[in-house]
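Subject: Structure handover

Hello,

Here is the structure for you to look at. My notes on what was found in it follow below.

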Amino acid sequence: MTRVTEEEGCVLRECVFCEIVSGELPADHVYEDDHTVAFMDINPATFGHLLVVPRTHVADVISAEPHDWLAVADTARRMAVWVAGGLKAHGVDLLQCNTDGTVGHQTVFHLHLHVLPRYEQDQLGAWWTQETTDPSEVTEAARQLVDYGRRAERR
Ligand code: 5GP
Ligand code: ZN
């Protein structure tokens, strides 16, 4: 995958989420701590849809340091509690998109985790339809992953 590097993100200076973190761009802020900021999505998919971002610019989960990711995950967990309690959502889905530019649906290249309150009859529905497949395909995918993991983590 071709990744958008941290330098590219900063040099291009087109990172709206860096601008929101710094306060240059307004947003409806909900929560912040030393490592993360949570603010409302400008085009919400459901009532209360918000985003959690690290203060530090990092393009996506693949290029994130574990501590950035853990900080985002921790704040998202807190926001899930808030939307379940504060908005009376019946469910909360956490979504995080990454792409090399060909498939996937990441549009802003500053790591962010969507916190999506879910309600009966909301427009989102299920994220995918369950499909049955040849079990050997599932096993083959597992084999490729384990093979890659062993090689990658040996480096
Ligand atoms: P992605 O498609 O990268 O997973 O999600 C990017 C999200 O950022 C979208 O849901 C979009 O509505 C939101 N977004 C894009 N620009 C802005 C902005 O300037 N302010 C806020 N609050 N949200 C934004
Ligand atoms: Zn950024």
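**Overall layout**

In this predicted model, the secondary structure of the protein amounts to four helices and five strands. Their pattern along the sequence is α-α-β-β-β-α-β-β-α. The C-alpha trace spans about 50 × 45 × 25 Å along its principal axes. Of the 155 residues, 23% are buried. Among contacts with a separation of 6 or more, 60% are between residues 24 or more positions apart.

**The sheet**

The five strands make an open sheet, in the order β1-β2-β3-β5-β4, with antiparallel pairing. At its edges are β1 and β4, each of which pairs on one side only. From one strand to the next the twist averages 20°.

β1 and β2 run antiparallel and are joined by three bridges; they form a hairpin, with three residues between the strands. Within this pairing, E32 has V37 in β2 as its bridge partner. β3 and β5 are likewise antiparallel, over three bridges, and L51 has H114 in β5 as its bridge partner.

α3 packs on this sheet and touches β1, β2, β3, β4 and β5, and its direction makes about 155° with that of β3.

**Helix α3**

α3 covers residues 66–86, which is 21 residues. From its first C-alpha to its last it reaches 29 Å, close to the 30 Å expected at 1.5 Å a residue.

Which residues of α3 are buried? They are D68, A71, V72, T75, A76, M79 and V83. Seen down the helix axis, the buried residues fall within an arc of 135°, so they line one face of α3.

After α3 comes K88, which has a positive phi, near 55°.

**Where to start**

Regards

Definitions and conventions. Residues are numbered from 1 along each chain as its sequence is written. Chains are lettered from A and ligands numbered from 1 in the order in which they are written. This is a predicted model: local features need pLDDT of at least 70, side-chain atom pairs count only at pLDDT 80 or more; totals for chains, interfaces and linings use all residues. Helices (H or I, at least four residues) and strands (E, at least two) are DSSP runs, numbered from the N terminus. The expected span of a helix is 1.5 Å times one less than its number of residues. A residue is buried if 20 or more other C-beta atoms lie within 10 Å of its own, exposed if 12 or fewer, and partly exposed in between; C-beta atoms are placed from the backbone. The arc is that of the directions from the helix axis to the C-beta atoms. Two residues are in contact if their C-beta atoms, placed from the backbone, lie within 7 Å. Two strands pair if DSSP finds at least two bridges between them. Axes are lines fitted to C-alpha atoms, for helices over the stretch in contact, and angles run from 0 to 180 degrees between N-to-C directions.
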